[in-house]
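Subject: Structure handover

Hello,

Here is the structure I promised to pass on. My notes follow below it.

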Amino acid sequence: MQKYTENIIDMVKKKKLFADQGGPIIMAQIENEYTNVQLSYREAGKMHIKWAADKVIATYNGIPLVMCKQKDAPDSVISTCNGRECGDTFTDPNGPNKPSLWTENWTAQYRVFGDPPSQRSAEDISFSIAHFFAKNGTMNNYYM
């Protein structure tokens with residue numbers, strides 16, 4: 001992961017794609033929903049989260065970093081919400097001076113063969129976004 005991350009960051013820096021270089025990349029995600037597997041690694045899981053954040057920041061620190069659904073994200077990273085109803089399920093980002101970000105607003109759900117469709121109505125999506133912003137949400141990003 002270290003070598004891969006360093007290579008990607010170096011390529012993006014060379015092309016000047018980060019926002020602080022004038023490019024379109026305004027933030028980056030270093031880990032995604034690691035909480036789902038972190039407990040099985042016990043203390044090593046906690047160490048991985050800190051290591052991942054520290055490694056990226058040491059390589060490049062010009063844009064905000066996020067980790068989705070990571071309540072114990074280090075102070076240098078913003079914990080964000082993924083889901084259908086972040087206005088109800090997301091308590092707060094992992095710090096008082098951080099924005100409340102909804103990085104994956106699930107407009108549908110992936111399907112396994114034989115599953116019924118799970119497409120959400122436009123009204124349901126609109127209501128959930130309004131509810132999130134009413135509870136101090138600052139960004140919504142549609143997912144799939």
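**His48 and its surroundings**

Leaving out residues up to four places away in sequence, His48 touches Met1, Glu31 and Tyr34 (contact means heavy atoms within 4.5 Å). His48 sits in helix H3. Helices (H or I, at least four residues) and strands (E, at least two) are DSSP runs, numbered from the N terminus. His48 counts as buried because its relative accessibility is 18%. Buried means under 20% relative accessible area, exposed over 50%, and partly exposed in between (1.4 Å probe, protein chains only).

**Ground rules**

This is a predicted model, with residues numbered from 1 along each chain as its sequence is written; local features need pLDDT of at least 70, side-chain atom pairs count only at pLDDT 80 or more, and totals for chains, interfaces and linings use all residues. Side-chain values use heavy atoms, with hydrogens and water left out.

**Overall layout**

The protein has five helices and five strands. Along the sequence the pattern is α-β-α-α-β-β-α-β-α-β. Over residues 1–144 the chain is 35% helix and 20% strand. The end C-alpha atoms are 26 Å apart. Taken along the principal axes, the C-alpha atoms fill a box of roughly 40 × 40 × 35 Å. Of the 144 residues, 39% count as buried. Among contacts with a separation of 6 or more, 49% come from residues 24 or more positions apart.

On annotation, an unreviewed UniProt entry lists residues 1–144 as "domain: Glycoside hydrolase 35 catalytic". UniProt positions are given in the numbering used here, feature names are shortened, and annotations may be inferred rather than shown by experiment.

**The sheet**

What is the order of the five strands in the open sheet? It is E1-E2-E3-E4-E5, with parallel pairing. Two strands pair if DSSP finds at least two bridges between them. E1 and E5 stand at the edges with a single partner strand each, so one side of each has no neighbour in the sheet. Neighbouring strands are turned by 30° against each other on average, direction ignored. Axes are lines fitted to C-alpha atoms, for helices over the stretch in contact, and angles run from 0 to 180 degrees between N-to-C directions.

Strand E3 (residues 78–83) runs parallel to E4, and three bridges join them. Gly83 stands opposite Asn105 in E4. Two helices need a mention here. H3 packs on the sheet and touches E1 and E2. The direction of H3 makes about 155° with that of E2. H5 also packs on the sheet, touching E4 and E5. The direction of H5 makes about 155° with that of E5.

E4 and strand E5 (residues 137–143) pair in the parallel sense over five bridges. Ser100 has Gly137 in E5 as its bridge partner. From E4 the chain crosses through H5 to E5, in a right-handed β-α-β crossover. Right-handed means that, with the strands pointing away from the viewer, the path from the first strand over the helix to the second runs clockwise.

**Aromatic pairs**

How many aromatic pairs does a search of the whole structure find? The search finds three. Rings of Phe, Tyr and Trp (its six-membered ring) pair if their centres lie within 6.5 Å; planes under 30 degrees apart count as stacked, over 60 as edge-to-face and the rest as tilted.

One of them is Phe18 with Tyr60, which is stacked at 4.2 Å centre to centre and 15° between the planes. Phe18 lies in the loop between helix H1 (2–14) and strand E1 (28–32), and Tyr60 in the loop between helix H3 (43–59) and strand E2 (65–68), so the pair ties together parts 42 residues apart in sequence. Both Phe18 and Tyr60 are buried.

Trp102 and Phe132 form an edge-to-face pair, 5.2 Å centre to centre with 65° between the planes. This pair links distant parts of the chain: Trp102 is in strand E4 (residues 100–106) and Phe132 in helix H5 (residues 122–134), 30 residues apart. Trp102 and Phe132 are both buried. Trp102, Phe132 and Phe133 form one aromatic cluster.

**An exposed isoleucine**

Is Ile26 buried or exposed? Ile26 counts as exposed because its relative accessibility is 57%. Ile26 is found in the loop between H1 and E1. Leaving aside neighbours within four places in sequence, Ile26 is in contact with Ala19, Ile63 and Pro64. The C-alpha atoms of Ile26 and Thr103 are separated by 13 Å, and these residues are 77 apart along the chain.

Best wishes
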